[in-house]
Amino acid sequence: MKRIISILLENESGALSRVVGLFAQRGYNIDTLTVAPTDDDTLSRLTLTTQGDDHMAEQIVKQLHKLIDTIKVVDLTVGSYIERELMLVKIKATENDIRAELKSCVEIFRGHIVDVTPQTYTVQLAGDSEKLDAFIEAVRDMGIMEVVRSGVSGISRGDKFLRV
Amino acid sequence: MELYSGGEILIRALKDAGIKNVWGYPGGAALHIYDALYRQEDVHHILVRHEQAAVHAADGYSRSTGEVGTALVTSGPGATNAITGIATAYMDSIPLVVISGQVPLTKIGQDAFQETDMVGVSRPIVKHSFLVTRAEDIAETIAKAYYIASTGRPGPVVVDIPKDVTDPSYKVPYSYPDQVKMRSYQPTDKGHRGQIKRAVKTLIQAKRPVIYAGGGVVLDNASEQLTALAQKLNFPVTNTLMGLGGYPGTDRQYLGMLGMHGTFEANTAMHHADVIFAIGARFDDRVTNDLDKFCPHATIIHVDVDPTSISKNIDAHIPIVGTCTSVLDEMNSLSEQMAIEPDAEAIAEWWVQLDQWRADKGIYTASRYEESSGNCIKPQDVIKMLYKITNGEAIITTDVGQHQMFAAQYYLFDKPRTWINSGGLGTMGFGLPAAMGCQLAFPDKAVACVTGEGSIQMNIQELSTCSQHNLPVKIINLNNAALGMVRQWQDMNYSSRYSESVYEDSLPDFVKLAEAYGHVGMKITHIDDLEEKMRECFAMKDRVVFMDIDVDRSEHVYPMQMPGGSMRDLWLNKTERT
């Protein structure tokens with residue numbers, strides 16, 4: 001099953017490569033990976049998605065925690081959580097009816113058209129991965145030129161938080 | 001305020017970290033450091049002949065003393081040559097700090113002469129690594145490196161230092177931190193009290209218990225606590241290859257080593273056990289055999305300082321994360337407080353069964369191989385003779401292969417840190433440099449490297465280091481003119497097609513070779529000469545002696561687990577199996 005793993009990491013050179021290297025070394029796949037400094041710029045927050053059963057997820061969390069640069073690790077999928085992903089899609093939009101259809105599609109998915117040329121529309125969409133997948137399916141036949149996805153960012157619901 | 005260059009700071013930091021000995025090899029990127037080393041007397045440097053040996057020697061020093069070992073190498077090839085040594089230490093959780101020179105910061109990334117991304121290359125085989133970018137950071141980084149290497153589950157730490165960071169013309173104040181604190185690294189020490197209680201209760205109620213003790217017991221200096229617990233409960237103990245000496249090898253309750261070449265009684269006891277108390281061991285594939293068939297009746301208690309080792313291969317029913325020492329201390333005191341007593345009758349019955357297995361098929365109750373005669377010297381008999389002549393008190397290092405297994409089986413280690421071998425990585429070429437490390441630490445002790453003619457040639461250049469630094473190790477070369485373990489597998493699995501495992505007539509004259517390095521060489525081809533020659537060898541306390549002993553070429557190591565079987569599925573000799 002899909003796992004969303006959140007990691008709080010020292011914002012130091014080489015730290016990210018240790019996380020990525022661990023996945024390669026232990027034979028785990030990374031489906032998506034996002035990383036950026038937090039409000040405290042000595043810390044990076046990573047969100048990583050992978051596939052695995054409970055045993056594998058437990059090993060991944062333990063192995064990640066063992067890395068010296070890692071401060072906190074949590075498997076968000078064991079509790080309730082919010083996931084968001086940002087997507088930019090460039091779609092061929094030369095004909096009027098396509099442009100109209102695309103616009104209504106973007107509205108339905110609560111996205112935004114962020115760039116327009118006579119030939120193209122560029123759509124920005126945020127949501128969970130399934131919603132982004134669904135949008136791609138909805139517009140696939142219109143002529144997708146380019147898809148850029150940020151990868152998943154996740155946070156737990158409620159009072160729980162990940163902080164030093 | 002006095003000011004120091006980066007090189008000087010590094011050496012001072014080593015001294016303040018309590019480091020007396022550094023094994024290494026100079027080169028361009030490390031020259032500022034070597035110059036600082038030259039201008040002081042606190043840190044002693046031992047020049048090896050190959051960087052791999054520097055790391056193995058530091059490793060042997062660490063394994064025999066419990067201190068952190070230190071190696072110093074230059075950038076590029078110096079660093080990559082150290083890799084096998086680092087990987088060896090990593091697999092066996094040996095605390096090392098390996099300092100590598102690096103090209104100047106301004107040249108990093110330009111494919112400069114002797115540039116290698118050491119932090120990158122070593123990443124999967126280190127506990128942690130640092131690239132130091134300012135002279136001001138050196139002392140703190142060294143303090144962190146030793147702290148990380150020696151705490152929690154120990155392991156090697158690489159400190160990569162670009163040449164301009166040790167520039168003698170750039171000087172800064174020196175201060176060594178009193179203590180190291182890292183928010184991201186706080187290893188667990190004490191185990192969970194409730195879990196320990198559960199474990200003690202389970203142990204006391206066991207009817208067919210086995211204590212399965214690994215290298216963690218040795219590394220954490222927990223042998224006394226383990227022995228006390230085992231003897232109080234009258235439980236049988238088996239040690240892993242890494243754990244030999246963690247429980248006294250000559251004690252009645254000791255079943256011998258377990259695993260691929262473990263004893264019949266240890267492996268069979270594991271299979272039938274109702275409770276397995278695993279401590280400082282990691283259920284390695286060379287122990288468990290087929291995981292699906294592993295110990296079907298056992299409740300498993302697993303103590304390890306590294307949470308990732310627990311339930312990695314085998315699910316633990318009672319996991320305990322903590323150091324062996326702290327958990328055993330707690331167990332010892334709890335077992336006295338608890339109102340329940342071990343089931344003496346069941347344990348006595350279990351011992352009847354265990355003794356029966358020993359008598360039937362044990363390697364210590366009878367010789368399970370044909371005795372030596374004339375020019376047919378059995379390798380097992382050489383180890384037995386070594387044991388006899390050194391009174392079982394030598395520090396034994398080995399390389400990897402049949403000789404390693406024979407030494408593990410037939411030299412009975414009563415004390416921890418006297419059995420030094422590359423268990424996890426299985427590094428041929430480990431034995432001689434590791435022996436140098438042990439000999440430096442214990443100049444008055446007999447240190448013997450049990451090896452084979454294959455392994456010894458992987459780091460034989462270190463015979464020269466032994467001369468220069470007066471390290472009178474004894475080399476016991478079990479010469480069967482072939483890669484014995486490879487040939488054994490080829491015998492068993494490849495219809496004796498000896499693909500590239502024999503040397504034909506290409507082997508050197510080891511006696512002459514030893515003499516060329518200024519050492520004593522001996523050739524033994526007849527069993528009747530063995531005892532006298534070996535006595536002579538160990539009587540020469542200040543000389544390196546190379547005993548080249550021709551042993552039976554057809555001998556195999558037994559018992560041997562059958563692939564895909566349970567722990568008790570063993571070949572006992574070439575024709576008999578369980």
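## Basis of the description

Residues are numbered from 1 along each chain as its sequence is written, while chains are lettered from A and ligands numbered from 1 in the order in which they are written. Because the model is predicted, local features need pLDDT of at least 70 and side-chain atom pairs count only at pLDDT 80 or more, whereas totals for chains, interfaces and linings use all residues.

## Chain B as a whole

Chain B holds 20 helices and 22 strands, where helices (H or I, at least four residues) and strands (E, at least two) are DSSP runs numbered from the N terminus. Its radius of gyration is 24 Å, close to the 25 Å that the globule rule gives for 578 residues, so chain B is as compact as a globular protein of that length; the radius is taken over C-alpha atoms, and the rule is 2.2 Å times the number of residues to the power 0.38. Along the principal axes, the C-alpha atoms of chain B fill a box of roughly 75 × 60 × 40 Å.

Of the 578 residues of chain B, 56% count as buried, a residue being buried if 20 or more other C-beta atoms lie within 10 Å of its own, exposed if 12 or fewer, and partly exposed in between, with C-beta atoms placed from the backbone. Among contacts in chain B between residues at least 6 apart in sequence, 76% join residues at least 24 apart; two residues are in contact if their C-beta atoms, placed from the backbone, lie within 7 Å.

## Where the chains meet

Twelve residues of chain B are in contact with 15 residues of chain A. On the chain B side, six of these residues are nonpolar, three polar and three charged, with Ala, Val, Leu, Ile, Met, Phe, Trp, Tyr, Cys and Pro counted as nonpolar, Asp, Glu, Lys and Arg as charged, and the others, Gly among them, as polar.

## Domains

Domain bounds come from an automatic or database domain assignment. In chain A this gives domain 1 (2-79) and domain 2 (82-153), and their C-alpha centres lie 29 Å apart. Six residues from domain 1 of chain A and five residues from domain 2 of chain A make up the contact between them. On the domain 1 side, E2(A) gives the most, with three residues, and that side has two nonpolar, four polar and no charged residues.

Chain B is divided into domain 1 (3-173), domain 2 (193-361) and domain 3 (379-557). The centres of domain 1 and domain 3 of chain B, taken over C-alpha atoms, are separated by 30 Å, and the contact takes 24 residues from domain 1 and 27 residues from domain 3. H3(B) gives the most to the domain 1 side of this contact, with eleven residues.

## A parallel sheet in chain B

Six strands of chain B form an open sheet in the order E11-E10-E9-E12-E13-E14, with parallel pairing; two strands pair if DSSP finds at least two bridges between them. Strand E11 (254-257) and strand E14 (318-321) of chain B stand at the edges, each with a single partner strand, so one side of each is left without a neighbour in the sheet.

Five bridges join strand E12 (residues 275-279) to strand E13 (residues 299-304) of chain B, and the bridge partner of Ala278(B) in E13(B) is His302(B). Helix H10 (residues 264-272) of chain B packs on the sheet, and its direction makes about 105° with that of E11(B); axes are lines fitted to C-alpha atoms, for helices over the stretch in contact, and angles run from 0 to 180 degrees between N-to-C directions.

## A mostly covered helix

In helix H15 (residues 402-410) of chain B, eight of the nine residues are buried, including Met405(B) and Phe406(B). The buried residues of H15(B) pack against several elements of chain B, among them E11, helix H14 (379-389) and strand E15 (395-398).

## Local backbone features

Most residues other than glycine have a negative phi, and most peptide bonds are trans. Tyr558(B) and Pro559(B), however, are joined by a cis peptide bond, with omega about 0°, and Pro559(B) is placed in the loop between strand E20 (545-550) and strand E21 (560-561) of chain B.

Asn234(B) has a positive phi near 55° and counts as partly exposed, with 15 C-beta neighbours inside 10 Å. Ser495(B), which is not a glycine either, has a positive phi of about 50°, and this residue is exposed, with 7 other C-beta atoms within 10 Å.
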